[in-house]
Amino acid sequence: MRRRTFLTTVAATGVAAATPLMAQTPAPPVVKRKGRIKQSLFRTVFGQNTPGLATLDEHCREAARLGAYGFELIPPQDWPTLKKYGLVPTMAPMSFTTIPDGIVHKEQHDALEKALKAAVDVCAAGGCEKIITFAGQRKGMSYEEGLDNCAVFMNRVKSYLEDKRVTLCMENTNSKYPDNVLGRPDQLCDHAAWGFELCKRVNSPRVKMLFDIYHAQIQDGNVAATIKDNFQWIAHFHTAGVPGRHELDDTQELNYRFVAQTIVDLGYAGYIAHEYRPSPGRDPIKGLEAGMAILDV
């Protein structure tokens, strides 16, 4: 059942079930998007302890109303819940390794390959086209050695990814905030250029970058030009406001409307996912509505 059909059915059922004596609270209107940018969400955008927004069902219902296409990093056992609301899993979680370990350690490649292939099989069966990954922490390793090791692993698995039509997406992070909240400590792929070079070496349509705009702005800046220059290697985007990793609005330095227009003009047809935590004291839904409107170019 698609999103619009679901919402129409729910509305009709609610009217039929109500009695004439009951005062009805009008349901919030369904937001119609232009659809040039397919927006996805992390569950974090709804905040913590937000009334009526605690369960996955409640998050899905609101996401569908706001015109989102799906959710990021939802475990496979919950994908049927997404589909019930006309949503899709837009990026699978990284179940085959950890953020600190990543894919850089050659002595782990045999086990990683086996675990990744199992995850790819789940994605192929469940209709999820992408899996997130991280390079891993350097721990004194040079960028060049880490690049060589990661390329070895990607070359081992790329044919399997291609056969299953699932894309493994390397995310760039920033290492300027080594707190695992605003940044990621010691990651090899703390400059997007490192990730683009990895993609070039592997040269597979199923090994691409997850370009995190928030992290890229903090680490290197020059976001729009970087996207233009490396667009062929990008399969997915994440957003958040800079500074603070909060909502997309006029309190932060990135002009997300310009960035979104740049991406649309390049012919991008994938997803852009909102990955932030609402600012303390702000209404999460109003903030999300405003941010989604900014990207709706």
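T81 touches L56, D57 and C60, not counting residues up to four places away in sequence. T81 itself is found in helix α3, residues 79–84, and C60 is among the buried residues of helix α2. The model is predicted, with a mean pLDDT of 92 for the protein.

**Confidence**
- Of the protein's residues, 92% reach a pLDDT of 70 or more.
- Over residues 8–22 the pLDDT stays under 50. For this stretch the model has one contact beyond four places in sequence.

- Helix α2 spans residues 56–65, and seven of its ten residues are buried, so the helix is largely enclosed by the rest of the structure.
- The buried residues of α2 are L56, H59, C60, E62, A63, A64 and R65.
- Just after α2, G67 takes a positive phi of about 90°.

**Helix α5: geometry**
- Helix α5 runs over residues 143–164 and has 22 residues.
- From its first C-alpha to its last, α5 reaches 30 Å, close to the 32 Å expected at 1.5 Å a residue.
- At V157 the helix α5 bends by about 40°; V157 is also one of the buried residues of α5.
- Just after α5, R165 takes a positive phi of about 60°.

- The buried residues in α5 are G146, L147, N149, C150, A151, F153, M154, V157 and L161.
- Among the elements that cover them are the helices α4 (109–126) and α6 (192–202). The strands β4 (130–133), β5 (167–171) and β6 (207–212) are also included in this cover.
- C150 lies in α5 and counts as buried because its relative accessibility is 0%.
- Leaving aside neighbours within four places in sequence, C150 is in contact with I103, V104, A135, W194 and L198.
- C150 and L198 are 48 residues apart in sequence, yet their C-alpha atoms are 7.5 Å apart in space.

**Cysteines**
- A disulfide is a covalent bond between the sulfur atoms of two cysteines. A search of the whole structure finds zero disulfides.
- For C60, the closest cysteine sulfur is in C128, at 14 Å, which is too far for a bond. C60 is buried, with a relative accessible area of 0%.
- For C169, the closest cysteine sulfur is in C199, at 8.7 Å, again too far for a bond. C169 is buried, with a relative accessible area of 0%.
- The cut-off for a disulfide is a sulfur pair within 2.5 Å.

- In soluble globular proteins, nonpolar side chains tend to be buried together.
- The largest nonpolar core here has 86 residues, and those with the most contacts inside it are I131 and F211. Helix α5 gives the most to this core, with seven residues.
- F211 touches N172, A192, F196, A216, V223, T226, I227, I234, H236, F237 and H238, not counting residues up to four places away in sequence.

Conventions
Residues are numbered from 1 along each chain as its sequence is written. This is a predicted model: local features need pLDDT of at least 70, side-chain atom pairs count only at pLDDT 80 or more; totals for chains, interfaces and linings use all residues. Side-chain values use heavy atoms; hydrogens and water are left out. pLDDT is the predictor's confidence in each residue, from 0 to 100. Contact means heavy atoms within 4.5 Å. Buried means under 20% relative accessible area, exposed over 50%, partly exposed in between (1.4 Å probe, protein chains only). Helices (H or I, at least four residues) and strands (E, at least two) are DSSP runs, numbered from the N terminus. The expected span of a helix is 1.5 Å times one less than its number of residues. The bend at a residue is the angle between axes fitted to the seven residues ending there and the seven starting there. A nonpolar core is a set of buried Ala, Val, Leu, Ile, Met, Phe, Trp, Tyr and Cys residues joined through side-chain atoms within 4.5 Å.
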